[in-house]
Amino acid sequence: TGDDSVDFSAGTGEAAASRPPVSNLWIFNNYFAHGHGAIVCGSHTGSWIEKLLAEDNVIEGSDIGLRCKTSETMGGGARDSVFRHNIMKNLKRNAFIFTTAYTDVNAAGSFAPASPGQFHDFLIEDCYIDGVDGPAIEVEGLAEMPHKDLTFRRVQILHAQENKLAHVENFIFEK
């Protein structure tokens, strides 16, 4: 459709906090092309998105491979997730993004605000990326609510711009 390919949503703001998280998700053996994000957590993250396993996927020509997006008033976020054994090629913006600065001027509706959304405890493992028009990895948290515990293990990145990291704690890049 040209929008996000697979997008998980968990409600908005304060009202979503009392609902159970969106949990136990498995995305595997897919070919993704020409979307804003191939595998996406958010922007509606109010009751949390957790225990996502995305593996053995091919992503080609999308804007972003793994797209995690929330806002300063959305609440929740995404946590305890694994992105492994994926191949990405010719991405237009990023291979990976974790951002609290997401806004959508076209989104309808309003909600009672919650605390900022957050992304933590992600393992990115055994992935191959060849060609990214922007930073391969972009992390944009908030000073008062940084993203944390993001581990990149055996991730090979070719032909990309320098990573951009702001307000992240315990960012680990192994091998």
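Modeller: Let's start with a term: two strands pair if DSSP finds at least two bridges between them. Strands (E, at least two residues) and helices (H or I, at least four) are DSSP runs, numbered from the N terminus. This is a predicted model, in which local features need pLDDT of at least 70 and side-chain atom pairs count only at pLDDT 80 or more, while totals for chains, interfaces and linings use all residues. Residues are numbered from 1 along each chain as its sequence is written, and side-chain values use heavy atoms, with hydrogens and water left out.

Biologist: Thanks! How many helices and strands make up the secondary structure of the protein?

Modeller: Taken along the principal axes, the C-alpha atoms fill a box of roughly 40 × 35 × 30 Å. Within the protein, the secondary structure comes to one helix and 15 strands.

Biologist: What is the radius of gyration of the protein?

Modeller: The radius is taken over C-alpha atoms, and the globule rule is 2.2 Å times the number of residues to the power 0.38. For 175 residues, a compact globule would come near 16 Å. The protein agrees with this, having a radius of gyration of 15 Å.

Biologist: And what percentage of the 175 residues is buried?

Modeller: Buried means under 20% relative accessible area, exposed over 50%, and partly exposed in between (1.4 Å probe, protein chains only). Of the 175 residues in the protein, the buried ones make up 49%.

Biologist: On to the open sheet of six strands: what is its order?

Modeller: The pairing in this open sheet is parallel. Strand 1 (6–8) and strand 14 (164–166) are the edge strands, each pairing on one side only. Neighbouring strands are turned against each other by 10° on average, direction ignored (axes are lines fitted to C-alpha atoms, and angles run from 0 to 180 degrees between N-to-C directions). The six strands follow the order 1-4-7-10-12-14.

Biologist: Which residue of strand 14 stands opposite Glu-138?

Modeller: Strand 12 (residues 137–140) runs parallel to strand 14, and three bridges join the two. In strand 14, the residue opposite Glu-138 is Lys-164.

Biologist: Which residue is joined to Gly-42 by a cis peptide bond?

Modeller: The omega of this bond is about 15°. In the loop between strand 4 (37–41) and strand 5 (49–55), you will also find Trp-48, with a positive phi of about 80° although it is not a glycine. The cis partner of Gly-42 is Ser-43.

Biologist: What positive phi does Asp-126 have?

Modeller: Asp-126 is found in strand 11 (residues 118–132). Its relative accessibility is 27%, so Asp-126 counts as partly exposed. Although Asp-126 is not a glycine, its phi is positive, at about 50°.

Biologist: How many salt bridges does a search of the whole structure find?

Modeller: A salt bridge is a side-chain nitrogen of Lys or Arg within 4 Å of a carboxyl oxygen of Asp or Glu. Searching the whole structure gives a total of eight.

Biologist: Which residue forms a salt bridge with Asp-4?

Modeller: The closest N and O atoms of this pair are 2.8 Å apart. Asp-4 lies in the segment before strand 1 and its partner in strand 7 (residues 64–69), so the bridge ties together parts that are 63 residues apart in sequence. Both residues are buried. The partner of Asp-4 is Arg-67.

Biologist: How far apart in space are Glu-162 and Ile-137, C-alpha to C-alpha?

Modeller: Glu-162 lies in the loop between strand 13 and strand 14, and counts as exposed at 70% relative accessibility. In sequence, Glu-162 and Ile-137 are 25 residues apart. In space, their C-alpha atoms are separated by 8.0 Å.
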